[in-house]
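Hi,

Here is the structure I promised to pass on.

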Amino acid sequence: TINRIMEKYDTDRNGILDRDQVVRLLTDLDYSTPPGTEPTEEEVAFVLQVADKSRNKAIDKNELVEAIAIWNSYLKEKDTIDQVMKKYDENNTGTLSRDELEKLLIELNEGKPVTTEEVDKIMKYSDTCETGDLKRVEVLLAINYWYLIEEGENIPVKDSSCCVVL
């Protein structure tokens, strides 16, 4: 349960998981790497950016379920993200530019062109760190947002927020 997880990882008993405690949690939950392999700085920043609604650079009990869900979704799709990056990261920067994202979206759209508005919308919602390109972890958001839009879901305007600085 959530209480047991908080009890195990909140070692200083302050009611939140700070960055180091989040790293330990994500490390223990990671089934995609050898045991004890810590997540990358980018992965930790991504989980904090998306799950830390209170913007205190930590995860509280109310944010823990979302943090774990985000991490598990990312782990489940890691191989897919690797394939997407290999195919579309033409400059080998480790990120997807807007043009590279557009090529990915065209493939997801079964080869049919996508509108500038669609590409811009997906880029805006997926670029959680507001860097102007998509990091590996943000590619998963882009793909998920694309399918939500295709299903007719309306994605609300995202409030501006800064990325977690490590």
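Let me start with a helix pair: helix H5 (residues 78-88) packs against helix H8 (residues 136-150) at an angle of about 100 degrees, and their axes are 10 Å apart. That makes H5 roughly perpendicular to H8. On the H5 side the contact is made by Lys78, Ile81, Asp82, Val84 and Met85, and on the H8 side by Arg136, Val139, Leu140 and Ile143. Sorted by class, this contact has six nonpolar, no polar and three charged residues.

Before I go on, the ground rules. This is a predicted model, with local features needing pLDDT of at least 70 and side-chain atom pairs counting only at pLDDT 80 or more, while totals for chains, interfaces and linings use all residues. Residues are numbered from 1 along each chain as its sequence is written, and side-chain values use heavy atoms, with hydrogens and water left out.

- Helices (H or I, at least four residues) and strands (E, at least two) are DSSP runs, numbered from the N terminus.
- Axes are lines fitted to C-alpha atoms, for helices over the stretch in contact, with angles from 0 to 180 degrees between N-to-C directions; under 35 degrees is roughly parallel, over 145 roughly antiparallel, 65 to 115 roughly perpendicular, and the rest oblique.
- Contact means heavy atoms within 4.5 Å.
- Ala, Val, Leu, Ile, Met, Phe, Trp, Tyr, Cys and Pro count as nonpolar, Asp, Glu, Lys and Arg as charged, and the others, Gly among them, as polar.

There is another crossing, between H1 and H4: the axes come within 10 Å and cross at roughly 95 degrees. That makes H1 roughly perpendicular to H4. Ile2, Asn3, Ile5 and Met6 of H1 meet Lys61, Leu64, Val65 and Ile68 of H4. By class, the contact of H1 with H4 has six nonpolar, one polar and one charged residues.

Next, helix H2 (residues 19-29). Its buried residues (buried is under 20% relative accessible area, exposed over 50%, partly exposed in between, with a 1.4 Å probe and protein chains only) are Gln21, Val22, Val23, Leu25, Leu26 and Thr27. They pack against helix H1 (2-9), strand S1 (16-17), helix H3 (41-51), strand S2 (59-60) and helix H4 (61-76). The N-terminal end of H2 is capped by Asp18, with a side-chain oxygen 3.2 Å from the backbone nitrogen of Asp20.

Leaving aside neighbours within four places in sequence, Thr95 is in contact with Met85, Asp89, Glu100, Asp133, Leu134 and Lys135.

Asp127 lies in the loop between H7 and strand S4 (134-135). Asp127 is buried, with a relative accessible area of 7%, and its side chain reaches the backbone nitrogen of Gly132 at 2.7 Å.

On the aromatic side, the structure holds two pairs (rings of Phe, Tyr and Trp, the last by its six-membered ring, pair if their centres lie within 6.5 Å; planes under 30 degrees apart are stacked, over 60 edge-to-face, the rest tilted). The rings of Tyr125 and Tyr145 have their centres 6.0 Å apart and their planes at 65 degrees, so that pair is edge-to-face. Tyr125 lies in helix H7 and Tyr145 in helix H8, so the pair ties together parts that are 20 residues apart in sequence. Tyr125 is buried, with a relative accessible area of 6%.

Arg13 has a positive phi of about 55 degrees although it is not a glycine; Arg13 is in the loop between H1 and S1 and is exposed at 55% relative accessible area. Glu110 also has a positive phi, about 60 degrees, without being a glycine. Glu110 is in the loop between helix H6 (98-108) and helix H7 (116-126), and is exposed at 68%.

Cheers

Note on methods
Polar contact = N/O pair within 3.5 Å; in protein donor to acceptor, adjacent residues only side chain to side chain.
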